[in-house]
Amino acid sequence: MKNQVCSTALLFCFLFLVTFCLTIQAQTCKPSGSIEGRKPPPNQCNQENDSDCCADGKFYPIFKCSPRVTSSTKATLTLNSFQKGGDGGAPSECDNQYHSDDTPVVALSTGWYNNGNRCLNSINIHGNGKSVKAMVVDECDSTMGCDSDHDYQPPCANNIVDASKAVWKALGVPESDWGEMDIYWSDA
């Protein structure tokens with residue numbers, strides 16, 4: 001009887017520990033703060049590809065993390081130009097270069113960018129019933145925004161794959177539907 005009580009108690013402790021660990025692992029990434037928007041100086045916010053400009057006094061959430069990467073990570077695909085003069089702003093973080101809109105390249109939210117550990121590596125993007133391989137060349141900054149370094153645009157959400165026109169074309173999305181789309185991605 002005493003052994004049965006001990007075994008039951010140990011089993012209960014084990015199940016509690018496993019449940020606790022799985023709960024922690026399954027938690028979503030939460031905002032780490034916010035920044036207040038400032039009205040951009042005239043002609044300083046590039047709205048190519050329907051990019052938003054920061055609104056004066058509006059608070060925007062910031063994230064230091066992104067949802068956990070799996071073999072099929074859910075994300076929002078957005079449109080970005082990595083060309084000189086495009087809404088991406090400065091040269092890409094990974095190689096300090098601009099990239100043609102005809103090249104399948106992406107910027108990942110801060111957590112997924114992982115301090116540059118995915119730089120110049122490929123990811124697989126699945127959406128609209130098709131797949132495309134794209135190279136990571138930049139960070140879609142989830143920790144900062146609304147300043148000249150970020151083209152006076154708000155911080156990225158924590159689940160963004162910001163993609164060139166080539167990615168949207170390869171996924172067969174009609175140009176009139178470019179902007180935002182639910183996708184899944186994985187490391188290639």
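I began my notebook with Cys-65, which counts as partly exposed because its relative accessibility is 27%. For the cut-offs, I noted that buried means under 20% relative accessible area, exposed over 50% and partly exposed in between (1.4 Å probe, protein chains only). This is a predicted model, where local features need pLDDT of at least 70, side-chain atom pairs count only at pLDDT 80 or more, and totals for chains, interfaces and linings use all residues. Residues are numbered from 1 along each chain as its sequence is written, and side-chain values use heavy atoms, with hydrogens and water left out.

**Disulfides**

I looked up the partner of Cys-65 next: Cys-29 forms a disulfide with Cys-65, and their sulfur atoms are 1.8 Å apart. A disulfide here is a pair of cysteine sulfur atoms within 2.5 Å. I found Cys-29 in the loop between α1 (2–26) and β1 (33–36), and Cys-65 in the loop between β2 (59–62) and β3 (73–79), so the link bridges distant parts of the chain, 36 residues apart. Helices (H or I, at least four residues) and strands (E, at least two) are DSSP runs, numbered from the N terminus. The torsion about the S-S bond of Cys-29 and Cys-65 is about 85°, so this disulfide is right-handed. Cys-29 counts as buried, at 15% relative accessibility.

By the same rule, I noted a count of four disulfides. Another one joins Cys-94 to Cys-119, S to S 2.0 Å. I read -80° about its S-S bond, and the link of Cys-94 and Cys-119 is left-handed. Cys-94 is buried at 18%, and Cys-119 is buried at 19%.

I then turned to Cys-140 and Cys-156, a disulfide with sulfur atoms 1.7 Å apart. Cys-140 lies in strand β6 (residues 130–140) and Cys-156 in the loop between β6 and β7 (160–163), so the pair ties together parts 16 residues apart in sequence. Both Cys-140 and Cys-156 are buried.

**Aromatic pairs**

How many aromatic pairs does the structure hold? I noted two. Trp-112 and Trp-185 form an edge-to-face pair, 5.2 Å centre to centre with 70° between the planes. Rings of Phe, Tyr and Trp (its six-membered ring) pair if their centres lie within 6.5 Å; planes under 30 degrees apart count as stacked, over 60 as edge-to-face and the rest as tilted. Trp-112 is buried at 1%, and Trp-185 is buried at 0%. The rings of Trp-168 and Trp-178 have centres 6.5 Å apart and planes at 45°, so I logged this pair as tilted. Both Trp-168 and Trp-178 are buried.
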